[in-house]
Every structure is written in structure tokens, then in C-alpha cells.
Amino acid sequence: MNEVTIAAIKEKIKHIIANDLDVNISIDEIPDDASLYDGGLGLDSIAIVNFIVIIEKKFNISFDENEINAKLFNSITDLAGVVHTKVSEKIDTPLA
Amino acid sequence: MSDNRLHTVFFDAPPHNRIGDKDVSISYGDLPAILLQLDAFFSAGHKRQLHCLAIRTENNALIAGVIIYLLSKNINFLLLPVNQAPPAFCDAVLTFRDNRPAGVDPHRSMEILPNHLFNKAVTGMQPASGLVLFTSSGTSGRPKYVCFQQQQLIRNAANCRERFRYNPDTKVLIPVPVGHMYGMGAGLLPAMLAGANIFLTDRSNIVKLYESIKQFQPDIVLITPVIARMMLLLDKPVAVKTTCITAGEIIKPETFKQFENKFGCLINLYGSTEQGAIATSPVDETDSVSKSEGILQPLPQVAIKIDGEEKGEILCRHNAPFHGYVDEHGYVLAAPAEATSWYSTSDVACDTGNGYFKIMGRKDNCINRSGFLVSLEKIEETLEDLFKMISKAVVFELDNNRGLSNRLIAVCEVQEDDFPDHLHIKETCRLQMTRHQVPDEFYFIRNMARLHNGKPDRQFLMQHYQTLLKN
């Protein structure tokens with residue numbers, strides 16, 4: 001997966017925030033370096049849970065419980081990086 | 001001002017056990033030195049003579065020291081939720097500073113500012129009376145001030161310590177606000193009484209909760225029904241199996257069972273700001289079915305009486321009753337409760353035998369229909385169970401001006417694009433509910449009006465449900 005695809009992941013994540021969560025924010029208002037909660041977009045606890053569930057569903061990935069930490073939500077860029085890694089792993093895993 | 005000796009119980013804890021938050025960790029062995037620092041802080045400007053100190057509560061380790069200090073000096077204090085203005089009976093407000101340095105230096109970690117609403121000439125509160133006050137939103141959304149003698153609050157906490165078996169080996173995680181009776185009376189105070197290791201986290205963010213569980217490895221976690229549902233929705237195992245305590249709204253049996261299967265033991269706590277902890281799920285009960293159905297066992301030293309043959313209002317006789325409500329100026333509004341008197345909880349329950357009982361709902365949410373006691377909350381719960389598109393239902397009774405029996409109205413919040421068919425809903429209700437439970441009219445809306453505590457605003461809905469429908 002190349003840089004363009006990471007950019008696409010970022011866009012998709014922003015799309016999810018703007019359209020699938022119950023928050024009053026548009027895609028244009030979401031910078032790449034925005035934290036998803038404290039001091040950033042301010043997603044509340046319920047929004048965060050919904051967000052994780054939707055991300056897993058739309059990218060067909062699963063976060064390990066150890067990955068559910070503040071670092072994951074530091075910024076859209078950080079989250080896109082983790083999603084990118086997981087999506088790549090799925091593509092690289094040969095079928096049994 | 002003479003010290004009382006109440007606080008010395010906290011010095012009996014193993015000195016290496018700790019009370020911590022994300023930035024600060026203090027040991028019980030540090031407490032005497034911290035109390036000396038706090039004494040210097042409060043002595044400056046004669047703050048020990050305050051009529052009542054409002055504390056803007058935060059879940060941090062320092063608040064544990066502050067509470068113990070205020071108890072030791074009999075200083076009256078009110079635990080004030082962060083977004084609430086202090087009432088006029090408080091002459092000062094303690095606030096924890098933002099971006100405070102690590103450590104427990106009180107001068108750098110917090111400040112006390114005067115409350116300009118306070119008027120010494122009219123206050124009903126005398127300094128150093130040993131009072132602890134909570135705010136309670138109640139069901140009306142208007143704050144009430146609930147006053148305890150500090151000994152009663154400690155006694156209440158001791159009941160919780162016994163029921164939850166807090167001991168020096170226990171690790172207690174408290175992510176619920178310690179500014180409310182649940183977090184303070186069932187969490188921080190009893191855990192401190194037991195000398196337990198305690199970790200406090202601010203705001204019940206699910207990500208922080210998972211991080212805290214992983215780092216702290218608690219035996220007991222205080223959660224809310226909302227957190228329980230979020231954990232189930234997230235569907236990730238937690239780092240360690242813990243006992244979770246929950247309080248607030250009743251958790252549905254299916255949700256309760258799912259939670260126990262996935263995360264371990266869940267204990268439902270029943271209580272109120274006025275009475276503190278009253279009862280819990282039977283902690284030794286291995287039959288998860290009866291636990292999940294909401295069976296409750298009174299706490300030690302608490303007696304329960306059902307005002308009726310099988311079901312009726314719960315009357316509670318507590319060894320640690322509250323002192324009374326106080327008004328904006330600190331005058332006690334209601335006669336102080338006595339340990340020998342029965343307190344009306346305004347909740348309705350049924351007797352399930354063996355001294356256990358089960359909550360049916362609020363008394364003012366129960367109605368009499370043709371001689372049958374009908375719980376509106378039970379109807380709401382059934383509607384939400386039967387129809388998955390209904391995310392929240394509120395049912396109320398309206399007078400029928402035509403002299404007929406009163407109408408039962410159901411206002412339902414629906415998340416799906418299309419509203420359900422009234423006839424289909426009613427027909428299903430007739431099959432699944434008793435005749436007296438079936439609402440006469442259904443109204444479907446997109447967003448339920450709610451109070452600031454997240455509960456539906458019943459008064460607003462009763463007055464405006466037809467208008468909401470038109471919008």
C-alpha cells in the first residue's frame with residue numbers, strides 16, 4: 001500500500017467522523033493532527049466506542065484490546081497509520 | 001478548633017499501599033505529612049474557619065488527602081460537580097489548578113477563592129459542624145443539597161467496605177466521579193477505610209478505562225450502566241477479570257448476563273444520595289440468573305420493608321441516615337432523619353423472599369390501572385426489548401377529561417429512518433404484555449429530550465410530546 005492509500009484512509013476516517021458519528025463537525029474542520037478527544041475533536045466516550053466499532057467494520061480489521069489506548073487516538077495520522085498496517089497485514093496474509 | 005480522631009483510621013492502612021492517579025501517587029504512610037502540608041495551606045487566610053467549603057471535585061489522588069483533612073478538622077464541605085455553581089451557603093470554593101505540577105504541594109496544586117454569593121448575615125451554617133454535603137439532581141433536574149453528619153457518612157462507607165470486602169489487598173479502580181455519593185460513598189471512602197490500593201481516573205472515557213485496567217490490574221472497578229453497555233459494544237476483553245460494581249439505572253437481564261459472561265462478576269448497587277448504599281446484588285450468589293434479574297440484598301445494618309403485601313414502596317431504615325436537605329443558605333429544610341425511623345425511598349419493589357427484593361421502578365412512575373399497580377418503567381423496558389428500533393421509551397399517564405380511564409402514552413425515540421407502524425406495535429404489545437400495560441397511544445420521535453444527567457426529561461415530554469411530533 002502506498003502513501004496515496006494512507007491518504008485515502010485518512011479521508012475515509014474523516015468521512016466516518018463527519019457522517020457516521022453523532023457529532024456536529026464537517027470533514028473540512030478535521031486536521032490530520034487533531035487528537036480525537038482531549039483537546040482535539042472532543043469525541044465523548046460513546047462516540048469513541050461507536051467510532052472504533054465503525055472503523056473495524058468499514059476497514060474489516062480488528063483492534064487488539066492492548067491497542068485501545070490514548071496513543072491510537074492521538075491524531076488522524078496516527079490512527080491511519082495503525083489502520084494502514086492492519087489492512088496491509090490482511091492483504092499480505094496468504095489464504096490457507 | 002479541636003481535631004476529631006475519625007481520620008486516624010486511615011493511618012492504620014499498610015503504609016506502602018497507595019492512592020494514585022495518572023500524575024500523582026501517595027502512600028498511606030505519606031498521609032500524616034500531607035495532612036501537615038494541608039494544615040499549613042488551610043491555615044493561611046483563616047480558611048479553617050470557613051462556614052462551608054465547596055470543592056470542585058476531580059478524580060485525583062490529592063482529593064483523598066483533602067477529604068481526610070477536612071474530616072479531621074470538622075470543616076463543612078460540599079462536593080460540587082464541576083459544571084455547577086456553588087450555592088450561597090458556601091463562603092469559598094476549592095479548585096484544583098490546571099496543569100499543576102506533579103506532587104502534592106497544596107499551594108501549587110489548588111486554590112481557594114471566595115464565593116461572592118455568600119452572605120454571613122443570613123447563612124444557616126455554622127463553621128466546623130462536621131457536615132458533608134452532596135448535590136443531587138433528583139428527577140426534576142434542579143439541584144438539591146443533601147447533608148450528612150460526617151460520622152454517618154463514614155458509617156455508610158463502612159457498610160460498603162463490608163459488603164464489597166474491601167481490604168488492604170484489594171485494588172480499587174474508580175473512574176466514576178467522586179463528587180457524587182456513588183464514587184465517594186461506595187468507592188473512595190470505603191476503599192480508604194480498608195487501606196486498599198486505589199487508582200482514580202478522571203472522566204469515564206472508555207479508552208482511559210481500558211488503559212487503567214491494564215496498568216493498575218484492579219480487583220474491583222466502579223462503573224455505570226452506560227460504561228457496561230459501552231464495554232459490551234466495544235467487545236474487547238479487559239486485561240484482567242475484575243469485579244465490576246454498577247449503580248444507577250437497572251441493567252436489563254440479558255445485558256447483565258452478557259456482561260458477566262464476557263468480563264466477570266457484576267454487582268448492582270442500589271442506593272441514593274440521601275441514604276447512600278442500601279442494597280446490592282447478593283455477592284455470594286452463584287446463580288447468575290437471579291442476579292441478572294435484579295434481586296437485591298440489603299447491606300449490613302440496613303433494614304428494608306416493602307409497604308404492601310407483595311409489592312409496594314420500599315421503606316429503608318439505615319444505620320447511617322442523612323441529616324436532611326438544606327436550602328441555598330444552609331438551613332435544614334426537612335427534619336433530620338433518625339436511625340429509628342423508616343425512610344420512604346419513593347421506589348417500588350416486590351418482595352422476592354429470603355429478605356431479598358427487586359426494584360420495579362420509581363413510585364411516581366407507577367400507576368394504578370383498574371386496581372393493578374403498573375410500573376411505567378417496566379413498560380418502557382419491555383417496549384425497548386420488544387422493538388429493537390426503539391432506543392428509548394418514556395411512558396406516562398394523562399388525565400382523560402371525558403371521565404373515562406386515563407390514557408397511557410408512549411413516546412419512543414426511534415433511530416431507524418422509518419417510523420414503525422402503530423397498529424403492528426400495538427398488536428405485538430397486546431400479545432406480549434398484560435392488558436393494563438399496553439399504551440393507548442404511541443408517538444415516535446427522533447431525539448428524546450433529556451436532563452443534564454442523561455435521563456429523559458419526563459416533564460418536558462408530557463407537556464410537549466404532540467408538538468415534538470409536528471417538528
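**View 1. Chain B meets chain A through 15 residues of chain B and 18 residues of chain A.** Welcome to this predicted model; we start where the two chains touch. About 1,400 Å² is buried between chain B and chain A, and carbon and sulfur atoms give 63% of that area. Look for Val207(B), Leu234(B) and Lys236(B): together they supply 36% of the area that chain B buries against chain A, more than any other three residues. The size of an interface is often given as the accessible area lost when the parts come together.

**View 2. One salt bridge is counted between chain B and chain A.** Here Lys236(B) pairs with Glu56(A), and the closest N and O atoms of this salt bridge are 2.4 Å apart. On the side of chain B that touches chain A, helix H6 (206–216) and helix H7 (225–234) each supply at least two residues. H6(B) gives the most to this side, with six residues. By type, the residues on this side of chain B comprise eight nonpolar, two polar and five charged.

**View 3. Strands E23, E24 and E25 of chain B form an open sheet with mixed pairing.** The order of the strands is E23-E24-E25. Strand E23 (390–398) and strand E25 (441–445) of chain B are at the edges with a single partner strand each, so one side of each has no neighbour in the sheet. From one strand to the next, the twist averages 20 degrees. Strands of a sheet pair through backbone hydrogen bonds, either parallel or antiparallel. E23(B) and strand E24 (residues 407–414) of chain B run antiparallel and are joined by eight bridges.

**View 4. Helix H10 of chain B lies across E23, E24 and E25 of chain B.** This helix covers residues 376–386, and it runs at about 150 degrees to E23(B).

**View 5. Strand E15 of chain B pairs with strand E14 of chain B and is joined to strand E20 of chain B.** E14(B) (residues 276–280) and E15(B) (residues 295–298) pair in the antiparallel sense over two bridges. Ala279(B) stands opposite Pro298(B) in E15(B). E15(B) and E20(B) (residues 356–362) also run antiparallel, with two bridges joining them. For this pairing, look at Leu296(B), whose bridge partner in E20(B) is Phe357(B).

Definitions and conventions. Residues numbered from 1 in each chain as written. Chains lettered and ligands numbered in written order. Predicted model: local features only at pLDDT ≥ 70, side-chain atom pairs only at ≥ 80, totals over all residues. Heavy atoms only, no water. Pairing = 2+ DSSP bridges. Helix = DSSP H or I, 4+ residues; strand = E, 2+ residues; numbered from the N terminus. Contact = heavy atoms within 4.5 Å. Buried area = accessible area lost by both parts, 1.4 Å probe. Salt bridge = Lys/Arg side-chain N within 4 Å of Asp/Glu carboxyl O. Nonpolar A, V, L, I, M, F, W, Y, C, P; charged D, E, K, R; others polar. Axes fitted to C-alpha atoms, helices over the stretch in contact; angles between N-to-C directions.
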